[in-house]
Amino acid sequence: IAAKAQPPLPPRKMAAAAGSGSVVGVEFTDDKIDEAKSALSDASFSSAKLAVLRTLCQSYVFTTKQVAALLEEVSMSSDKMEALDVFESRIRDPSNTDPIAEVFSMSSDKEEAAAKVSGFSAARTGRLASYPIEDDGLRSDAEMAELLDAIEAGFMGSDKVAALDASVKAKPTPPFTVPQLMDVLGKFTFSSDLEAALELLVGPGLVYPMTCEELVGVLETQSMSDDKIRILPSLKRFIKDPQNKLTIVMSFSFSSDKEKAEEILRDVVAKFEPPNKPPPEVLEVLARLGNCPAGYSWCRVPMGWRCSAGGHYVSDERVEANL
């Protein structure tokens, strides 16, 4: 049975403003301050606090007033200074150094912090890009019950993996929903079997994209923290709201696991609409002539248009001929 095209997965490249070199990020609104401060408070060690700040800075851009509020949650002056480095190129108003300088007690630290921030390049806010998710239908309750029964009937872990393998080969589409994935993973006890089962689903993309909150639910099917960390690299490709990945980092109890999760998720970043996207009439032509199957945005390039993933190009000549 031939598999249909799998639902597109979120892109992983961080955008920058075309031509300006400035970093583009999601606007960090004041209503997110309390959530971020709570996460910093729950992070016991300075290294874990840095993991929280790195996670935020991989998606968001801030005002100096907001940065100051977050730095207040870091105790030692030396740790504050180290944390400030995380915000390089992520501050929208780096010329306004006073709020950050006031976080420090010593005059020398105030001067150092002010000099550091004033040397940062200004970031700007961007508009999150949307991407289509192909709806390939759902596996029925009866089909899932049959699969789960087959897995559970396996005597050895390898038998359970074989049952899953046979099922996805016989029915390679539609992908599994998050609840269905949780039901499947819950049938595997040993780490090696769990990883083998995940590989059967992750390799061909047999899971619908999920939110960070939903991914936490999938991780919770595992009781051991080590197992959660072990499966996170496989699951991260299905994240559809990278700006919320702090939810995943903070779902881990130990500081060391928070740090590991942050490192694993570093390449899961938000994608933004290009500043030079095509006008509606050109976009209509591009949809007809060079539609990108993965749904990426189109960007202006010399003598034509290219999808932001880089794989599809339509020349100005072809566009003009079809307007």
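I count two strands as paired if DSSP finds at least two bridges between them. The model I am working from is predicted.

**Entry 1: the antiparallel sheet**

I started with β4 and β5. Strand β5 covers residues 304-307, and four bridges hold it to β4 in the antiparallel sense. One of the contacts I looked up is Val301, whose bridge partner in β5 is Gly304. β4 and β5 make a hairpin, with two residues between the strands. In that turn I noted Met303, which has a positive phi of about 70°.

**Entry 2: the parallel sheet**

I found another open sheet of three strands, in the order β2-β1-β3, and its pairing is parallel. Its edge strands are β2 and β3 (124-125), and each of them pairs on one side only. I checked β1 against β3: they pair in the parallel sense over two bridges. Val24 has Arg124 as its bridge partner in β3.

**Entry 3: aromatic rings**

I looked for ring pairs, and the count came to three aromatic pairs. I wrote up two of them.

Phe28 and Tyr60 form an edge-to-face pair, at 5.5 Å centre to centre and with 80° between the planes. The pair links distant parts of the chain, 32 residues apart. Phe28 sits in the loop between β1 (24-27) and α1 (33-42), while Tyr60 belongs to strand β2 (residues 60-61). Are these two residues buried or exposed? Both Phe28 and Tyr60 are buried.

Then I took Phe62 and Phe87. Their ring centres are 5.1 Å apart and their planes stand at 80°, so I logged this pair as edge-to-face. This pair also links distant parts of the chain, here 25 residues apart. Phe62 lies in the loop between β2 and α3 (64-71), and Phe87 in the loop between α4 (77-86) and α5 (98-101). Phe62 has a relative accessible area of 0%, so I list Phe62 as buried. Phe87 is buried too, at 0% relative accessibility.

I joined up the ring pairs. They link Phe28, Tyr60, Phe62 and Phe87 into a cluster.

**Entry 4: a charge over a ring**

I looked up Arg139. Arg139 lies over the face of Phe176, at 4.1 Å from the ring centre.

**Entry 5: helix α8**

Last, I went along α8, which runs over residues 157-170 and has 14 residues. Its span from first C-alpha to last is 20 Å, close to the 20 Å expected at 1.5 Å a residue.

Which residues of α8 are buried? I listed Gly157, Lys160, Val161, Ala163, Leu164 and Val168. They cover an arc of only 155° around the axis, so they lie on the same side of α8. The spacing rule I keep in mind here: an α-helix has 3.6 residues a turn, so residues three or four places apart point the same way.

Terms used. Residues are numbered from 1 along each chain as its sequence is written. This is a predicted model: local features need pLDDT of at least 70, side-chain atom pairs count only at pLDDT 80 or more; totals for chains, interfaces and linings use all residues. Side-chain values use heavy atoms; hydrogens and water are left out. Rings of Phe, Tyr and Trp (its six-membered ring) pair if their centres lie within 6.5 Å; planes under 30 degrees apart count as stacked, over 60 as edge-to-face and the rest as tilted. Buried means under 20% relative accessible area, exposed over 50%, partly exposed in between (1.4 Å probe, protein chains only). A charge sits over a ring if NZ of Lys or CZ of Arg is within 6 Å of the ring centre and within 35 degrees of the ring normal. The expected span of a helix is 1.5 Å times one less than its number of residues. The arc is that of the directions from the helix axis to the C-beta atoms.
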